[in-house]
Amino acid sequence: MMHLPILPILLPLLAGILLLLLRPLGLQVQRMVGFAAAFALLMLAVWLFDIALAGQRQVYALGNWPTPFGITLVFDQLAALMLLVTAVLAVGALWYAIVTEIDAQGSHFHVLFQMQLFGLNGAFLTGDAFNLFVFFEVLLLASYSLLLHGGGKQRTVAGLHYVVVNLVGSTVFLFALGALYGALGTLNIADMAAKVAALPAEREGLVMAAGLLLLLVFGLKAAMFPLYLWLPAAYARTSAPVAALFAVMTKVGVYAIIRVHGTVFGADAGNLAYFYAPWLLGLGLITLVLAALGVLAAFRLRFQVAYLVLASVAMLLIAVGLHSETGLAAALYYLVHSTLLAGGLFLLADVIVRGRGAYADRFDPGMSLPHHALLGGLFMFAAVAALGLPPLSGFFGKLWILQAALEHPWRWAVLATVLLSSALLLIALARSGSVLFYKVKDRPDAADPVLPTRIPAFGLSLVAVLWLLAAVPLLVVLAQPVAEVMQQIAAQTLDVAGYRAAVFDPAVGGK
Amino acid sequence: MEGLVALSIGVLVACGVYLVLRASTFPVVMGLTLLSYATNLFLFAMGRLAIGVPAIVRPDAAGYADPLPQALVLTAIVIAFGMTAFAIVLALKARGETGSDHVDGRTPHPNPSPSRGEGLRGSLAPPRPLRERGLGGEGESP
């Protein structure tokens, strides 16, 4: 039990190394081991979530160095929630990659997939800002290679942009960490919170600048305006399972803002308390408008889904920017909904694209799809959930965020932007649905290439889509208990004093 | 000494940013390298500049140099080194696949004149049609 917090980091790392060694045994063995590892991670995440809900934060001192001199891992309810969402998404994405044989298009897919999970889980669990940087680099390096998986000219160019933008982001991250270390003398998040609370007035400017630099970096990962331009091309050009897994990557940025800024510049931070929140709210609103326009202007289904991811991130930034407990709880509810839905949408889009053959994902009228009624129904279901129309979970998420916004001085701006952008999304998705499923040609034109009469591995790939989309009705049926859990998580996350006490006093942390 | 270190960090960042904005893969990689040098110096300086003092607290020594930034710099160097290697390989791959050194995979102007002022020409060029701007309008082979 004592070593519990490090298990979600070790499991994918060891599985990745094992997969590397198993390569001579062939792809089938790698698939089995990779999927077994992802499934084991899911079981572990469920178990850990259960433990986290029942009890205290758990603090794990790596190498048993005393806090704040060593690196600490902090396992709390927010981290447990992120671990669970990631594991659910990973199982769906990996299943899809295996049944459609996308993993066979290049080498080391399974190794990289596990390394990606290793980086993600590490980022969720670490309690040290520099260690967060290291885990960011791990997950980014894995994501660079996963993004390029399968190859192709467009993908390479999109990958190059993604890599360069993120490398510059890493540089800014280091500048921010350096400035924070120079001003505070520590990089342990809990210790930083304590130091900021007792900060002399002449250092406030420096710490604020470093905090905003850090917000810039996390905003880049989260695709916040004006740093979102890398996202649509990167997500739309990569292979479907990778895009589905990347649905959680933007949320890592949001998570880092909640964790680092929410703790270091939390309620105890004196003059610096929540100084970042107006930035977050304002930039979130701008991102939402631009994302809605992007959804409206997209010429291709996969770009449209990528802009939908952007819209969901913008909603999260707005909800976190409200800096209230209700806002954070609503953000967490919306985070679970939007991450799993975005993953499901990317996979569904890929199934549709494979059915459209040479028409691919362009919004041009094509021939009738195989299984058009089922796919059209699923698309409509996912679109309704993404828009936030009743009765699906997007509606409850948006409603909750708007309810939290009513207590904020900017309520009219938030209400107007969210409702207007939802209307734009409605127009855009209604149009794409009608082009894809209603405006079909009766006869193929002479110039049309031969179209697929069936979608390969249709049933098996649909399993992954349904696995991820199942979160939508579940979040509706279980809305009451889920909302209570989210409020509990939000309350624990905002309890900075409790976080500090847990990290510094092992007796409180229950080590 | 502080002024000199600050100045060199500033110059390195300025050169790095300029090179990264050159939109051609080789200068971009060079720019990233310069930026990472700047961060390394910056991190190192954040432990306060001290000369001739041990990195371990000793009762008989007058002071000590903060060892943590040095550890951070080592980590940052290793990561930046790996990332630069990756970026170079990716740039080579992009050059091979797209036949262009430009980061967009194609040169914006088919017949660039060899004169100076490339950035200026870029800004004066007519805007690309909307369909090409990353909304998914490009002709992509399926």
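Modeller: A polar contact, to start with, is a pair of N or O atoms within 3.5 Å; within protein, one has to be able to donate a hydrogen and the other to accept it, and residues adjacent in sequence count only if both atoms are side-chain atoms. This is a predicted model, where local features need pLDDT of at least 70 and side-chain atom pairs count only at pLDDT 80 or more, while totals for chains, interfaces and linings use all residues. Residues are numbered from 1 along each chain as its sequence is written, chains are lettered from A and ligands numbered from 1 in the order in which they are written, and side-chain values use heavy atoms, leaving out hydrogens and water.

Biologist: Which element gives the largest share of the side of chain B that touches chain A?

Modeller: Helices here are DSSP runs (H or I, at least four residues), numbered from the N terminus. Those giving two or more residues to that side of chain B are H1 (2-20), H2 (25-45) and H3 (67-98). The largest share, 15 residues, comes from H3(B).

Biologist: What is the area buried between chain B and chain A?

Modeller: Contact (heavy atoms within 4.5 Å) takes in 41 residues from chain B and 38 residues from chain A. Buried area is the accessible area (1.4 Å probe) that two parts lose on being put together, summed over both. Carbon and sulfur atoms give 74% of it, and the total is about 3600 Å².

Biologist: Is A:Lys251 buried or exposed?

Modeller: This lysine is found in helix H11 (residues 249-264) of chain A. Buried means under 20% relative accessible area, exposed over 50%, partly exposed in between (1.4 Å probe, protein chains only). At 0%, A:Lys251 is therefore buried.

Biologist: Which side chain does the side chain of A:Lys251 join in a polar contact?

Modeller: The polar contact is 3.2 Å, and the partner is A:Ser312.

Biologist: How many residues of H3(A) are buried?

Modeller: H3 of chain A covers residues 77-99. The helix is mostly covered, and of its 23 residues the number buried is 22.

How values were computed. Expected span 1.5 Å × (residues − 1).
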